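Please examine the sequence and the structure shown below.

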Amino acid sequence: MDKRYEERSIAQDSRLLLKKADRDGVETVWDRFEHQQPQCGYCEMGLSCRICVMGPCRIDPFGEGPQRGVCGADADIIVARNLGRMIAAGAAAHSDHGRDLVEVLAAVAEGKADGYGIRDADKLMSMATEYGVATDGRDALAVAGDLAAAMQADYGTRKSELTLVRRAPEKRREVWKKLGITPRGIDRETSEMMHRTHMGVDNGWQSLLLHALRNALSDGWGGSMIATEVSDILYGTPKPTPTSANMGVLEEDQVNIVVHGHNPVVSEMVMLACQSEDLIALAREKGAAGINLAGLCCTGNELLMRHGIPMAGNHLTTELVLATGAVEMMIVDYQCIMPSLGQTASCYHTRMISTSDKARFPGMEHREFHPDNARELARTIVREAVENYDLRGEVYLPVTPVAALGGFSVEAIVGALGGTPEPLLDAIKAGKIRGAAGVVGCNNPRIKHDYGHVTLTRRLIENDILVVDTGCAAVATAKAGFKVADAIKYAGPGLKEICGALKIPPVLHMGSCVDNVRILVLASALADALGTDISDLPMAGAAPEWYSEKAAAIGCYFVASGVYTVLGPMPPITGSMNVVKLLTEGLNDAVGAAFAVEPDPEKAAVLIRRHVEEKRKRLGLDAKEV
Amino acid sequence: MSYVIIGNGVAGVHAAEAIRRIDPDGEITLIGDELFPPYCRPMISLVLEGAVTPDALPIRNDRFYDDLGIAPILGSRVEDIDVDNRTVKIANGETVPFDKLLIASGADPRPIKAEGLDLKNIFYMRTEGHVRSMLTALPKVQKALVLGGGLVGFKAAYGLMRRGIATTMLIRSGHPLSMQVDAAAGELVRENLMGRGLDVRVGASVTAFEGRGRVERAVLADGTTLSCDMAVIGKGVLPALSFVPRDKIGVDLGVLVDAHQETGAKGIYAAGDAAESTDIARRSRWVNAIWPEAVDQGRIAGMNMAGRAVAYPGSLSRNVIRIFDMDVMSGGVVTPETDSVYDVIHFHDPKRKRYRKLVFREDRLAGFVLVNAVEQGGVMLSLIRSETPVVVPRERLAAPSFNWSTLLPRAG
Amino acid sequence: MKTVVVHPERCVGCMQCMAACATAHSRSKSLFSAIHERPLPRPRVHVGAGLCNEGFPNRCRHCDPAPCRMACLPGAISRDPDTGTVLIDPDRCINCASCAMACPFGVIRYHADPLGPPEKVVAVKCDNCIDRQAEGRIPACVEICKSGALAFEEISVAMKRKTDQVARTVSSDVGAAPSSPGFELLKAVKKVEAELRASGR
Ligand SMILES: Cc1cc2nc3c(=O)[nH]c(=O)nc-3n(C[C@H](O)[C@H](O)[C@H](O)COP(=O)(O)OP(=O)(O)OC[C@H]3O[C@@H](n4cnc5c(N)ncnc54)[C@H](O)[C@@H]3O)c2cc1C
Ligand code: SF4
Ligand code: SF4
Ligand code: SF4
Ligand code: SF4
């Protein structure tokens with residue numbers, strides 16, 4: 001019954017592997033989603049509260065049953081508290097990821113991180129300058145040590161404002177100051193959110209939501225931004241690099257190692273090990289043609305951006321990749337790693353390795369990585385992966401990979417434009433490019449897999465809107481073939497002309513999900529060049545298939561930074577129409593941007609086009625009726 | 001008004017009760033061959049199996065005839081019906097007059113053609129009496145043969161296995177339950193039974209039984225022999241109609257009846273395994289020899305006989321059987337001819353041992369087979385019976401999550 | 001006489017009724033210990049998902065006449081004259097599943113039950129919490145359902161509510177129906193999601 005698979009995904013590799021998984025008796029995320037139906041409406045509406053032990057409580061949305069929790073909180077308060085905690089968790093995840101990178105930077109400075117080093121010294125120096133760390137005539141490692149310390153201070157609560165907030169346009173910072181939501185410390189805002197949502201603290205749903213914005217800003221202009229910049233310093237700032245995507249990137253005749261998760265700290269060392277001559281020789285001894293490293297999710301994106309490492313799939317396909325039977329080893333770090341994977345792998349020969357001291361999984365071997373043991377440990381486990389090639393059984397790789405171009409950091413985009421953002425601004429002013437949209441976020445079985453990302457992106461580029469994307473969205477459009485220069489054939493005439501001249505795809509891969517901050521930096525550069533605020537730009541954000549708390553934080557920092565953002569799935573807020581109205585309308589008055597929710601990507605595309613044209617009109621540029 | 005009912009099976013009993021509810025004064029005569037009180041025929045296999053004792057069989061208590069004011073004539077067979085003079089003749093030559101007559105004589109096991117059928121320890125399994133004699137024979141039995149892979153054959157084999165007897169099942173067709181399920185489900189059933197130690201041989205039939213007084217072996221069509229000290233014949237049933245004058249009362253396989261269970265001869269009705277009515281799913285005449293149809297038809301015939309015109313919507317094939325840990329349910333049209341008006345969808349989940357087959361005619365469900373997870377079968381049967389158009393995607397009916405609310409109009 | 005009346009449009013799919021029903025049919029009657037009982041008590045109300053994944057509490061309708069009762073081979077199904085409840089006698093049940101074919105709503109399950117004969121698989125379905133009712137308590141599922149999807153009320157009251165609902169659609173004189181714009185919004189979103197998944201796009 002192939003219709004079942006067609007209902008689940010638009011990607012050919014996923015459909016075929018879903019069928020195989022069924023045959024192999026492997027349960028997938030879609031099966032579990034089906035088993036969970038119907039899902040609890042209280043929770044879907046944000047109306048259940050588990051914050052204290054006088055509870056748990058829930059509010060009857062129809063008004064007859066209980067209208068207040070035991071503590072007295074009404075629907076507005078409960079919904080706002082729940083949303084606040086969701087954003088705190090998302091901000092914490094990104095920011096803690098950033099902290100891990102800062103710790104590697106510190107270890108490098110102390111010479112305690114064998115294998116790691118400073119790959120982009122220019123960025124180190126410019127960051128140091130931003131942080132007020134002296135650079136003149138100083139040794140890179142010394143600067144690195146001071147920069148790491150300065151960044152660590154951003155995590156604490158000593159400051160009145162995060163350092164990198166200064167990157168935002170002047171007008172934006174004014175907005176934040178006026179509302180009192182300038183982020184002060186990365187950990188502080190999350191910690192304060194947990195405090196405010198404790199029973200009996202902040203019971204103003206509006207003030208809770210404002211703090212949620214501040215908390216999200218501490219991620220976007222703090223934790224995530226540090227994560228991206230320090231990754232660039234340690235592993236190099238991405239440059240356009242050819243790569244390929246879908247499950248076909250696994251090689252039938254090679255040892256396949258897949259890295260999955262978010263943080264590049266482990267995978268960079270794994271990559272080095274995979275390239276080492278002696279291990280490749282060992283693979284040949286085993287009868288394999290070599291060692292093939294492939295990525296999944298954002299760990300994959302980090303390697304793709306910097307080294308062109310191919311991408312096997314995105315969030316919903318992580319189980320299916322194992323069902324190919326072609327993976328000798330999957331190495332995971334953290335975030336978005338389904339706890340089912342160990343179980344899935346047990347049906348095949350794949351060895352599963354968890355590496356982070358803060359992330360354990362059932363059915364995985366735990367091999368803890370730290371900066372001081374990473375290089376050696378990576379070699380050890382890659383060797384084990386090669387040895388596992390002996391146990392390989394039947395392999396099913398029914399697709400050929402799709403070519404893609406990755407590596408569009410802000411520096412790379414500006415580079416492609418000839419060193420300044422002017423040409424892009426000119427194209428926008430001339431109306432050839434109507435505007436830009438950041439299409440980001442995860443997969444979610446509520447939405448047909450990849451359908452939201454691919455459809456929205458197709459409609460936007462067709463209408464001359466440049467798309468920049470990250471995370472699982474970026475993987476979806478790579479698989480769909482939108483990330484090659486030739487993909488301008490899908491673009492409208494203006495976008496086609498500009499991208500054709502610059503020899504870039506109409507859809508630019510900007511990295512992992514922490515790399516969404518690259519979009520903020522780009523937007524700030526454009527706003528500064530025009531002397532306006534981000535909220536005045538003909539640009540929008542979208543998360544057509546989002547699922548995670550991290551995505552909720554991203555959405556909030558986009559909106560708080562002035563970017564109109566269209567969500568696919570509905571966040572758990574409909575229990576309070578006050579909260580819904582504030583987030584979808586009221587925020588316009590406060591931060592000049594708001595959310596919209598539209599699960600149908602065709603309609604989401606219309607919303608974004610309309611918004612872009614509206615902004616063009618306000619800037620005095622030609623505007624179309626949408 | 002005098003009513004005569006031939007057969008004290010479930011159809012006859014329900015008819016008698018329905019008549020009495022409407023007509024408190026009419027004379028009701030119930031002529032039955034069996035002496036045992038009205039009982040649950042399907043449960044006799046549970047007696048064989050040892051799951052229940054015979055005292056669990058009766059469906060009505062001893063006072064049933066008295067309470068309803070019925071005159072029973074038990075242990076006698078009806079030999080003839082005189083349609084014109086409105087009497088029935090019973091074995092001792094006595095005649096019983098009637099104003100309204102119900103033929104509820106049920107069915108007899110379909111006989112087979114083979115030599116040596118008069119040997120001892122060869123049984124049919126239709127009545128409580130049959131099972132009683134089987135039980136008497138059992139202590140000396142080690143190896144049994146069951147002929148036929150239908151429902152009754154199955155229940156016999158299952159009962160014997162539960163008694164610890166090595167059992168071989170011989171099936172003429174390619175898979176068990178060929179009247180109830182399709183080949184795929186039949187194969188699942190066969191695998192399951194083989195796994196449990198039943199020896200199933202397909203495409204096999206018996207030409208002769210041999211033995212000295214008692215059966216000792218069976219000779220198969222291919223010339224091979226199988227030793228056994230007991231044989232049960234379960235090759236289906238035929239309506240028990242030897243006494244029905246075919247020139248006066250229309251008979252096809254069963255007695256032909258209209259929507260009120262009445263035959264072509266006015267005032268003469270038929271119900272249960274003896275009657276042939278319209279099958280809702282097949283949209284043609286059919287004998288659906290199953291318990292719930294006998295209940296319904298008996299009740300409806302009784303009401304019509306007592307003067308309340310009640311139409312019977314037609315019958316519907318359906319069956320459920322539980323064999324060890326496997327449940328198999330089917331209903332309506334299960335094996336339509338290829339390139340007919342029917343569309344078929346399948347769903348097979350080997351890991352959870354689930355199989356679903358749905359048969360559609362245009363936008364209506366016409367039949368299904370379920371292996372395991374049979375709880376929603378009643379919803380499907382009611383879809384077939386009510387001939388409700390299926391407007392939701394068909395795959396939803398085959399999905400494991402299917403439930404009654406899947407059929408409700410969309411929210412919002 | 002009061003009965004359980006289902007208002008499916010109010011069901012939020014939280015499944016709390018299932019847990020409450022299972023607990024009410026456990027030996028200990030306490031959720032915390034019920035989960036340690038063997039056999040595990042199981043719910044007699046089943047919250048299924050509709051086409052757009054909306055919840056629906058499916059329980060026995062105690063039909064009259066009851067198709068399951070007519071189909072039951074050993075006559076294990078009867079009607080309690082006081083409450084009109086259709087009851088299955090677990091001692092007489094032979095687990096034949098004939099009732100599964102008869103019930104048009106698919107509400108009967110088959111398993112060993114803590115309140116039935118030990119280790120015997122039997123047909124189990126909603127008993128209207130007849131034991132609780134005898135103690136003057138309302139059915140467990142109704143008690144826990146806070147959204148009003150399950151109510152214990154006089155049929156006449158429920159009928160009046162339904163009539164009012166119809167009246168409301170034709171006239172604005174009858175007071176506003178209790179509704180939840182937020183829940184409607186959520187349902188609308190889920191409907192789009194479901195349609196997109198099912199669509200050929
Ligand atoms: C072993 C077994 C298992 C079964 N399992 C199932 C099941 O699981 N589900 C299901 O739905 N069905 C099952 N059936 C079929 C079911 O038993 C019958 O469909 C049902 O009993 C038919 O009822 P009836 O009243 O029409 O006929 P019967 O029950 O056959 O009753 C007819 C009665 O009439 C008597 N009679 C016949 N001829 C004469 C005559 N000339 N004069 C006087 N009396 C006469 C017979 O002796 C008999 O007592 C099973 C049958 C058997 C044998
Ligand atoms: S408790 Fe009420 S709202 Fe919750 S699932 Fe049951 S019927 Fe629906
Ligand atoms: S079990 Fe089904 S058929 Fe029987 S009374 Fe309940 S709803 Fe009706
Ligand atoms: S399973 Fe039990 S209750 Fe259901 S019909 Fe069979 S004997 Fe009756
Ligand atoms: S009335 Fe009682 S038995 Fe029936 S569903 Fe509700 S809780 Fe369960």
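Seven residues of chain A and 10 residues of chain B make up the contact in this predicted model. Between chain B and chain A, about 800 Å² of area is buried, and carbon and sulfur atoms give 55% of that area.

Which residues form the salt bridge between the chains? The count for chain B and chain A is one salt bridge, and the partners are A:Lys3 and B:Glu395.

On the side of chain B that touches chain A, the elements that give two or more residues are strand 24 (342–349) and helix 9 (395–398) of chain B. Sorted by class, that side of chain B has four charged, four nonpolar and two polar residues.

Attention now turns to a sheet within chain B. In general, the strands of a sheet pair through backbone hydrogen bonds, in either a parallel or an antiparallel manner. Here three strands of chain B, in the order 18-20-21, form an open sheet with mixed pairing. Strand 18 (255–256) and strand 21 (284–286) of chain B are the edge strands, each pairing on one side only.

Strand 20 (residues 275–279) of chain B pairs with strand 21 of chain B in the antiparallel sense, over three bridges. Opposite B:Ser277 stands B:Trp286, a residue in strand 21 of chain B.

Notes:
Residues are numbered from 1 along each chain as its sequence is written. Chains are lettered from A and ligands numbered from 1 in the order in which they are written. This is a predicted model: local features need pLDDT of at least 70, side-chain atom pairs count only at pLDDT 80 or more; totals for chains, interfaces and linings use all residues. Side-chain values use heavy atoms; hydrogens and water are left out. Contact means heavy atoms within 4.5 Å. Buried area is the accessible area (1.4 Å probe) that two parts lose on being put together, summed over both. A salt bridge is a side-chain nitrogen of Lys or Arg within 4 Å of a carboxyl oxygen of Asp or Glu. Helices (H or I, at least four residues) and strands (E, at least two) are DSSP runs, numbered from the N terminus. Ala, Val, Leu, Ile, Met, Phe, Trp, Tyr, Cys and Pro count as nonpolar, Asp, Glu, Lys and Arg as charged, and the others, Gly among them, as polar. Two strands pair if DSSP finds at least two bridges between them.
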